[in-house]
Each structure stands twice: as C-alpha cells, then as structure tokens.
Amino acid sequence: MSDEPLLRVDRLSKHYPVSKGVLFARSLGQVKAVDDISFSIPAGGTLGLVGESGCGKTTTSKLILNLEAPTSGQVLLDGTPIHGLEGAALKQFRARVQAVFQDPWSSLNPRMTVGRTIAESLIVTGWGSREEIAARVAELMVQVGLRPEQVTQYPHEFSGGQRQRIALASALASRPRLIVLDEPISALDVSIRAQMMNLLKDIQAQDNVTYLLIAHDLATVRHMADQTVVMYLGKIVERAPTRALFDDVRHPYTKALFSAVLPPHPDRRQDEIVLVGEIPSPLNPPSGCRFHTRCPFVMARCAEQEPPLRELAPDHHVACHLYA
C-alpha cells in the first residue's frame with residue numbers, strides 16, 4: 001500500500017437549496033448535507049465512513065463518484081480534480097472509479113445475463129475484441145468465486161451473496177483504481193458476510209484496488225478499513241487509523257455510536273451511552289458544535305463556537321471542545 005493518496009477530498013461541501021411554493025417560491029435555506037470535510041485514501045488502502053443515517057455519507061459517495069457537483073471544495077483522483085471532466089477524460093474516470101451498492105438485486109438488470117452485465121462497461125468503452133472481453137469476463141467470474149459457465153444465467157438464478165459477487169465482478173471489469181463500497185454486505189445473510197469481506201480483501205491484495213467503505217456495521221469497518229472517518233450532520237467529528245480509533249475513542253458521539261455494539265472482547269466492559277433527543281434537521285443545524293444538543297458532556301462554549309478538527313495523537317483528529 002502506497003502512502004501517496006490516490007483520492008483526496010479537500011474542504012468538500014454540498015448544500016441543497018430548499019424552497020416552498022411553485023409560482024412564488026420562497027427560499028427556506030439550505031440543507032448542508034456535507035459541510036467542509038477533508039480526508040485522503042492512499043493507493044491500495046481502505047477508508048471506512050460511518051455515522052447515523054442523514055450524516056452525509058451517501059452524499060459524500062455521490063460527490064466522489066462524480067454524480068453530484070460540489071457547492072465548494074474539490075475531489076482529486078491522482079492529483080486531478082474530477083468535477084468538470086468531459087469527453088474522453090470523463091469516460092476514463094468512469095472506468096477508474098466504480099461502485100458496489102447495498103442491494104445486488106436492484107443493481108443487476110434482470111433481463112440481461114450475468115456475462116453481459118459484467119461485459120457491459122467493457123463493450124461501452126471498446127475495451128477489446130469480443131474474444132478478449134469473453135476471456136476477461138470468465139477471468140472475473142473465477143476471481144469472485146463463481147464458475148465461468150454461469151455467464152449464460154440470469155440474476156434470479158443466483159443467491160443474494162452470489163449476486164453481490166456478480167456486482168463486484170462488474171465493478172472490477174474495467175480494472176478500476178477506486179471502488180466505492182456502499183453498505184456492500186448489509187443485505188447479505190450473516191453466514192456469508194465474512195466470506196464477502198475476505199473476498200474483498202483478497203481482491204484488494206491482488207489488484208491493489210482502493211476502497212471507500214460506507215457502512216453502518218462497525219464490525220465490517222473494523223475488519224476491513226485502515227482508517228475511519230466518523231460523520232455527524234455533514235461534519236467530520238473524528239478521523240483516525242481504525243485500530244487507534246477502536247482502542248481509544250475520543251469524541252462523545254463516536255463513543256455513543258460504538259457503545260451500541262458488542263465489545264470486541266467478552267472481558268472488556270463497555271457502558272452503553274444513550275443519546276437524548278432526535279438528530280437535528282440539516283436545514284437548521286445547531287450553532288457551534290452540531291452535536292451539542294445531544295451531548296452528555298456539553299459546555300456553554302459548545303453552543304457558540306464550532307470546534308476545529310484537532311490532532312490529538314498521530315493522525316488521530318477530533319472536533320471537540322473537551323480537548324481544547
């Protein structure tokens with residue numbers, strides 16, 4: 001794994017205007033789905049992005065996949081900004097950055113054989129001859145643990161775990177540098193989640209592919225990610241190497257998030273932290289620290305001043321006034 005970042009997210013924001021009415025629309029403000037976030041992923045590495053629903057994970061992934069344009073900031077792949085790409089440069093970007101989504105059924109065309117599904121991106125980009133594409137598809141089927149002769153079958157003939165393997169093979173077809181994994185195993189049976197995680201790690205070791213892993217399941221992040229970013233209401237509240245984060249959680253929100261899962265060892269005591277109140281609306285987020293309305297350690301300054309992301313330990317950053 002190289003230390004040079006393949007992906008760099010630099011002060012990235014996405015704000016959606018909200019209005020009321022049709023003929024005489026009145027602006028109600030902006031939903032700050034993602035608000036001034038920065039992180040990077042080295043080539044061959046995995047970054048886990050975690051947080052409650054509505055924290056901005058999905059919007060972040062859309063910005064990185066170039067499906068949304070940012071309000072401010074930029075995303076750079078190999079040092080090149082991705083937004084504003086056109087023509088051949090955009091086509092090349094689409095080949096280099098792929099995604100695997102939560103529901104393998106909705107991402108596969110039920111009227112298309114799995115062989116054609118996997119080959120689709122290769123055909124569109126003119127990757128090679130018909131024989132070369134067929135050989136590449138057979139190679140991918142083997143790589144994800146399926147039989148080459150299954151290319152003539154349709155998605156409904158496969159189990160959920162097998163369909164997710166097909167979706168992964170499709171994403172791998174163009175030999176991408178980066179794959180966005182959006183809840184890739186949450187729809188699978190518990191019994192086959194470990195198989196899928198190990199497959200993803202094996203492929204990463206073979207192809208030096210880089211992963212952005214979006215997940216609710218902290219066990220998946222702990223097993224797969226080299227570094228982890230925790231988001232709340234569009235902001236990063238904690239960012240650290242995964243092992244350091246799980247061993248030494250600092251931010252009160254991260255502590256609450258982690259307390260809801262089983263401890264990594266049966267002998268380790270772990271008190272559950274129950275947060276009061278609902279997640280505030282991103283249309284009208286709290287002033288100061290956005291978590292202060294639910295934080296058990298809130299202080300007067302928390303409602304007035306937004307805490308900066310401080311480095312408390314090597315590469316362990318926390319946005320909290322407790323550590324000022």
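**Reading a predicted chain**

Visitor: How far apart are the mean positions of the 34 positive and 34 negative charges of the protein chain?

Guide: In this predicted model, the mean position of the 34 positive charges lies 4 Å from that of the 34 negative charges.

Visitor: How do I read the radius of gyration, and what is its value here?

Guide: The value is set against what a compact globule of 324 residues would have, near 20 Å. The protein chain has 21 Å, so the two agree. Along the principal axes, its C-alpha trace spans about 70 × 60 × 40 Å.

Visitor: Which elements make up the fold, and how many are there?

Guide: The protein chain holds nine helices and twelve strands. Of its contacts with a separation of 6 or more, 63% join residues 24 or more positions apart.

Visitor: What share of the residues is buried?

Guide: Buried here means under 20% relative accessible area. By that cut-off, 46% of the 324 residues are buried. The accessible surface of the protein chain is about 16,000 Å², and carbon and sulfur atoms account for 51% of it.

Visitor: Take helix α3 as a case. Which of its residues are buried?

Guide: Helix α3 covers residues 114–124, and its buried residues are Val 114, Gly 115, Thr 117, Ile 118, Ala 119 and Leu 122.

Visitor: What do the buried residues of α3 pack against?

Guide: They pack against two helices, α4 (130–143) and α5 (160–172).

Visitor: Which residue with a positive phi follows α3?

Guide: Gly 126 follows α3, with a phi near 60°.

Note on methods
Residues numbered from 1 in each chain as written. Predicted model: local features only at pLDDT ≥ 70, side-chain atom pairs only at ≥ 80, totals over all residues. Heavy atoms only, no water. Helix = DSSP H or I, 4+ residues; strand = E, 2+ residues; numbered from the N terminus. Rg over C-alpha atoms; globule rule 2.2 N^0.38 Å. Buried < 20%, exposed > 50% of the residue type's maximum accessible area, 1.4 Å probe, protein only. Contact = heavy atoms within 4.5 Å. Areas by Shrake-Rupley, 256 points an atom, 1.4 Å probe, with all protein chains shown as cover. Lys, Arg positive; Asp, Glu negative; His and termini not counted. Charge placed at Lys NZ, Arg CZ, Asp CG, Glu CD.
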